[in-house]
Amino acid sequence: MRNSFEEAVRELCLRYPQYSPEAYDFVRTGLDYASEHYCKDDKAAHLSAEQLYAGACSYALSEYGPLAAKVLSFWGLHSNRDFGAVVYHLIEVGVFGKQKGDKQEEFDTLPPLEAVLNAPYNGDLDDEEYNENDDDF
């Protein structure tokens, strides 16, 4: 049994070397960021793939601005599929949980990561495309 998040990440990086430790830390922090927004009244509430993704993208933009896509890419997060893979790696080692019916493939249908992260700087952002229930992100 693992004693810490850091140990879980070390194990995951050995199994999946295409993702850096920072990718796992980013996704965990993105979950916290999304939870603060979507689950204000119920910290134990479950986030959908779309909510987690939208919240993490918003966090990336707030932290890294126009460099968000480059920073995440440097860590191995090149696409929405990579994002979903990291989420499910964290589920695999027990860091995250999931509910019946949750599937990694849900991330495949979300808007492309680079497009979402670059949209605010290209004038292409369509909030409804990736974040239909929230105007605050």
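## Cysteines

In this predicted model, Cys13 is buried, at a relative accessible area of 18%. Cys57 is likewise a buried residue, and its relative accessible area is 2%. A disulfide is a covalent bond between the sulfur atoms of two cysteines. The number of disulfides in the structure is zero.

## Overall architecture

The protein contains seven helices and zero strands. Followed along the sequence, its elements give the pattern α-α-α-α-α-α-α.

The protein has 137 residues, of which 45% are classed as buried. Among contacts in the protein with a separation of 6 or more, 68% are between residues 24 or more positions apart.

## Helix α2

Helix α2 covers residues 21-38. It consists of 18 residues, and the distance from its first C-alpha to its last is 26 Å, close to the 26 Å expected at 1.5 Å a residue.

The buried residues of α2 are Ala23, Tyr24, Phe26 and Val27, together with Gly30, Ala34, Ser35 and His37. These buried residues pack against four helices, namely α1 (5-15), α3, α4 (68-74) and α5 (80-92). Two of these partners, α3 and α5, are described below.

## Packing of α2 with α3

Two packed helices are described by the angle between their axes and the distance between the axes. For α2 and α3, which spans residues 49-64, the axes come within 8 Å and the crossing angle is roughly 105°. Because angles of 65 to 115 degrees count as roughly perpendicular, α2 is roughly perpendicular to α3.

On the α2 side, the contact is formed by Phe26, Thr29, Gly30, Leu31, Tyr33, Ala34 and Tyr38. Helix α3 contributes Gln51, Leu52, Ala54, Gly55, Ala56, Ser58, Tyr59, Ala60 and Ser62. Sorted by class, the residues of this contact between α2 and α3 comprise 10 nonpolar, six polar and no charged residues.

## Packing of α2 with α5

The axes of α2 and α5 come within 10 Å, crossing at roughly 85°. This angle makes α2 roughly perpendicular to α5.

Here Ala23, Tyr24, Phe26 and Val27 of α2 meet Phe83, Val86, Val87, His89 and Leu90 of α5. The contact of α2 with α5 has eight nonpolar residues, one polar residue and no charged residues. Ala23, Tyr24, Phe26 and Val27 are also among the buried residues of α2. Phe26 takes part in the contact with α3 and in the contact with α5.

Key:
Residues numbered from 1 in each chain as written. Predicted model: local features only at pLDDT ≥ 70, side-chain atom pairs only at ≥ 80, totals over all residues. Heavy atoms only, no water. Axes fitted to C-alpha atoms, helices over the stretch in contact; angles between N-to-C directions. Helix = DSSP H or I, 4+ residues; strand = E, 2+ residues; numbered from the N terminus. Parallel < 35°, antiparallel > 145°, perpendicular 65-115°, else oblique. Contact = heavy atoms within 4.5 Å. Nonpolar A, V, L, I, M, F, W, Y, C, P; charged D, E, K, R; others polar. Disulfide = S-S within 2.5 Å. Buried < 20%, exposed > 50% of the residue type's maximum accessible area, 1.4 Å probe, protein only. Expected span 1.5 Å × (residues − 1).
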